[in-house]
Amino acid sequence: MSINIRPASEWKYPEGWPPEEYYVAKQEVTRVQLDGLKNLVDNNSPESELDSYLAANPQVMAHCLTFLNTGHHGAWIIPQQQIRPPQKYVRYGLRPDYIIGGRDSDGFFWYVLELKGANENIFSEENGRVFFSKTTNKAMFQLLEYIDYCSETQAYLRETLNLTNFREPQGILMIGRASEVEQNSKKQRMKAAWNKITADRVELRTYDALISVIETEVDYKAKR
């Protein structure tokens, strides 16, 4: 897996920031990139297709930081194969999809990003009760393990990979469509309750929500 990250060639990259190779100027996202994401999501694409697209369009992926209200002063994306410390420290099976970082006026913030498909259901129902789907439940536990893993290896990530001020990261799970939740009041309440209870730890977001924040950015730039 590779990520096409634009170097900061138009200005002097600040000292003390994470490596420039991971840097993403998320404000440079384009309508073409947005339309590409829309097409995949409208076709309820699986995880593999969305992962490939987001990896090739890091400005799109970086807008996950908008959910956490950070990344205004810089964003960084580190793919899974670069997260692994030396072999003796590896816990097998624990390879987060991405670590993404954002900088704002309060400093640097770091997140583990887990991707699932737009074709996946967030919830399931049985006897009138709403539960996380098998895919969501598994992804949440994976994400919690990844967060714990990254916390355990934070010294490596901070010092060897030079991830500035890396401490215990938070989590973001991207999965499914907003329509699933919008058409069911129980699912709406469940999703809202989850994000409220786990605020500042694990965010559950749909691909439609990602499209919405990118549309805001693209429309704003068009009016300038």
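Gln33, Leu34, Gly36, Leu37, Leu40 and Val41 are the buried residues of helix α1. Buried means under 20% relative accessible area, exposed over 50%, and partly exposed in between, with a 1.4 Å probe and protein chains only. Seen down the axis of α1, these buried residues fall within an arc of 160°, so they line one face of the helix. The arc is taken from the directions from the helix axis to the C-beta atoms. Val32 and Asp42 sit on the other side of α1 and are exposed. The cover over the buried residues of α1 includes α2, α3 and α8. Here contact means heavy atoms within 4.5 Å.

This is a predicted model: local features need pLDDT of at least 70, side-chain atom pairs count only at pLDDT 80 or more, and totals for chains, interfaces and linings use all residues. Residues are numbered from 1 along each chain as its sequence is written, and side-chain values use heavy atoms, with hydrogens and water left out.

α1 has twelve residues. From its first C-alpha to its last it reaches 16 Å, close to the 16 Å expected at 1.5 Å a residue. The expected span is 1.5 Å times one less than the number of residues in the helix. Just after α1, asparagine 44 takes a positive phi of about 50°.

Now step back to the whole chain. Its secondary structure comes to eight helices and eight strands. These are DSSP runs numbered from the N terminus: helices are H or I with at least four residues, strands are E with at least two. Of the 224 residues, 53% count as buried. Among contacts with a separation of 6 or more, 72% join residues 24 or more positions apart.

Helix α8 covers residues 207-223. Its 17 residues should span 24 Å at 1.5 Å a residue, and its end C-alpha atoms are 25 Å apart, which agrees. Tyr207, Leu210, Ile211, Val213, Ile214 and Val218 are its buried residues. Both helices and strands cover them, including α1 (31-42), α2 (47-56), α3 (58-61), β4 (107-115), β7 (170-174) and β8 (202-205).

Val213 also lines the largest pocket. Other lining residues include Lys26, His63, His72, Glu217, Tyr220 and Arg224. The lining divides into two nonpolar, six polar and four charged residues. Ala, Val, Leu, Ile, Met, Phe, Trp, Tyr, Cys and Pro count as nonpolar, Asp, Glu, Lys and Arg as charged, and the others, Gly among them, as polar. About 190 Å³ of space lies in this pocket. A pocket is an open set of points on a 1 Å grid over the protein atoms alone, with protein on both sides within 12 Å along at least five of seven lines; lining residues have an atom within 4 Å of a point. Points are joined across faces, edges and corners, and the volume is the space filled by probe spheres set on them.

Helix α7 has 13 residues. It reaches 18 Å, close to the 18 Å expected. Lys187, Lys191 and Asn195 are buried in α7. They cover an arc of only 65° around the axis, which puts them on the same side of α7. Arg189, Lys196 and Ile197 are exposed on the other side. The cover over the buried residues includes β5 (123-126), β6 (129-132), α6 (178-182) and β8. Asparagine 195 counts as buried because its relative accessibility is 13%. Leaving aside residues up to four places away in sequence, asparagine 195 touches Val202, Glu203 and Leu204.

Definitions and conventions
On a 1 Å grid over the protein atoms alone, a cavity is a set of points where a 1.4 Å probe fits but cannot get out, and a pocket is an open set with protein on both sides within 12 Å along at least five of seven lines; lining residues have an atom within 4 Å of a point.
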